[in-house]
Each structure stands twice: as structure tokens, then as C-alpha cells.
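Please read these notes with the model open beside them.

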Amino acid sequence: MIKTKKTGELIIISGTTCAGKGTIINKLLENNNNICLSTSYTSRPIRPKETNGVDYYFVTHEEFEEKIKNNDFLEYARVRYREYFGTPKKEVIEILKSGKDVILEIDVQGAQIIKEKFPNTLLIFILAPSMEEVKRRILKRKTETQEQIIDRFKTAYKEINEVNKYNYVVINDDIDKCVEKVKSIILANKCRVDRIEEMSVENEEEFMHELLMDKDFINLKIDYGE
Ligand code: 5GP
């Protein structure tokens, strides 16, 4: 009766530093073949425990700038400490065409650019329960310099002020509940009326005629339950 669009949806998941975006996204991808995560390109140095082609495609500044020239990105931005981050165009469009949803884990600037190009993009913002909690997590993991940490917090405060540009905000104070909320948002997004391409309902005249001729309708007696 209803034919909906076959293409996938673009889903942006942004959030304050250490809000647990990565864990949430991994849980969304678990046992779900209909969602893919786009791997971004970056010029920032690779960190211990990161894998090229999995966490990001790590390239040099020059390689990144060459890709900008070739129009290879859906969007790109200079995030924190001036490094480039960009969403590859070809891969994302191909996945969407295949009918799968694509998650972009990108920052607020990138989210705005994508939203302008693809207005139906679903924008979800994940908030950490408190800055105090974020501080505890960052200091514990010991992967960044003091300067980089200060930069992270400055960006976080800036991004919180832009939360109203998103469609949904979810606080990650309990990972399982947070994941359930995000899953529900993604599911509801699939039922948007603008995804309807074709709708066919029985012809009204014929249907009403048949209803009036229907034996059960003609002999209908209301059951008042007494
Ligand atoms: P990091 O990986 O250095 O911890 O954080 C990178 C930051 O850049 C995060 O805020 C992340 O959301 C953002 N980011 C990652 N990939 C992209 C991208 O392709 N485009 C944009 N605009 N931001 C990105």
C-alpha cells in the first residue's frame, strides 16, 4: 500500500568530547547490517591503538589538500589543533544508494554543511553527563597534552551552545539506555512521511459501495455488552 524510498538515511552523531559516541556507535552497528559507519579522512597523527582505515584514513596535510582540490569530500573541517577531518563523498553516496543508512561521526561545523546539502539528514547530539565526568575520563586516559585537553574543553563548551541545530539530544548517563534512545530515534526517522514515494489506497467509491452491500454491515447490530 505504501512504497517508501529505497535509499538509506544519513545520520550524524556528534557530541561533546568523551561523551561516549564511539561506544554508542559500536553498539548501534552490532548485529545490524543496515547501518554503516563512514570512515573519515584526517591529517591528524595516528594515536596508539588506532588503525589506519578503521578509525580514520590517516593522510598528510598535502594529501588531504589534494583531495579537497579533487572535490573528494562531502564536507571537511579543521577541527581542534588545526587538523583536517573530512567525510569521503564517493563511499557515502554508494552506501546510501545501496539502501543502507550511514552514520557520520563528525563535528558541529561538518554537521551544518551536510544539513545544508542534505536537509533530511538526522542530527543527533550526545552529551556527557557533566564536564566534571569528562575531565575525569580525559585525565585517566592520558593520551593528550595539557594544551590539547584545554582545546578539547573549549571546543566542547562552544559545541554545547550549538545543540539547538540538532534534531535530538541524548544524555549519556547510562550507556544502555542511551543506545536504546538513539535506536528509537533512528527507527522513528525511517517513518518520516517524506520517505513515502507512492501510496495506493483502494478506490473510495468502489470501497464504499462494497461496504454498503456487505452482509455483515447490513445486518450489523451494536453490541452494548448487556
Ligand atoms: P578525535 O578523533 O581527534 O578524537 O576527534 C575528532 C573530532 O573531529 C571529533 O569531534 C569528530 O566528531 C570530528 N570529526 C571526525 N571526522 C570528521 C569529519 O569527517 N568531518 C568533520 N567535520 N569532523 C569530523
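1. Basis. This is a predicted model, in which local features need pLDDT of at least 70 and side-chain atom pairs count only at pLDDT 80 or more, whereas totals for chains, interfaces and linings use all residues. Residues are numbered from 1 along each chain as its sequence is written, and side-chain values use heavy atoms, with hydrogens and water left out.

2. Ligand shell. The ligand is surrounded by 18 residues, and the closest are Ser40, Arg44, Tyr56, Glu75 and Asp107 (a residue is near a molecule if one of its heavy atoms lies within 4 Å of it). By class, the shell holds eight charged, six nonpolar and four polar residues. Here Ala, Val, Leu, Ile, Met, Phe, Trp, Tyr, Cys and Pro count as nonpolar, Asp, Glu, Lys and Arg as charged, and the others, Gly among them, as polar. Strands β6 (73-79) and β7 (83-88) each supply at least two residues of this shell; helices (H or I, at least four residues) and strands (E, at least two) are DSSP runs, numbered from the N terminus.

3. A polar side-chain atom of Tyr56 lies 2.5 Å from an oxygen atom of the ligand. For Arg47, a polar side-chain atom is 3.0 Å from a ligand oxygen atom, and a backbone N or O atom of Gly86 is 3.1 Å from an oxygen atom of the ligand. On its own the ligand has 510 Å² of accessible area, and the protein covers 93% of this (Shrake-Rupley method with a 1.4 Å probe; for residues, only the protein chains shown count as cover).

4. Asp107. This residue, one of the closest to the ligand, is found in the loop between β8 (101-104) and α4 (108-117). Is Asp107 buried or exposed? Asp107 is buried, as its relative accessible area is 13% (buried means under 20%, exposed over 50%, partly exposed in between, with a 1.4 Å probe and protein chains only). The side chains of Asp107 and Gln109 are joined by a polar contact of 2.9 Å (a pair of N or O atoms within 3.5 Å; within protein, one must be able to donate a hydrogen and the other to accept it, and residues adjacent in sequence count only if both atoms are side-chain atoms).

5. Glu162. The loop between α6 (146-160) and β10 (168-171) contains Glu162, which is partly exposed at a relative accessible area of 23%. Glu162 and Gln109 are 53 residues apart along the chain, and their C-alpha atoms are separated by 9.6 Å.

6. Positive phi. Lys49, in the loop between β4 (41-42) and β5 (57-58), has a phi near 80°, a positive value in a residue other than glycine. Lys49 is exposed, with a relative accessible area of 85%. Asn71 also is not a glycine and has a positive phi of about 60°; Asn71 is placed in the loop between α2 (61-69) and β6.

7. Two C-alpha separations. Asp176 belongs to helix α7 (residues 175-189) and counts as partly exposed at 48% relative accessibility. Asp176 and Lys27 are 149 residues apart in sequence and 9.0 Å apart in space, C-alpha to C-alpha. Lys6, in the loop between β1 (2-4) and β2 (10-15), is exposed at 63% relative accessible area. Lys6 and Gln148 are 142 residues apart in sequence, with 43 Å between their C-alpha atoms.
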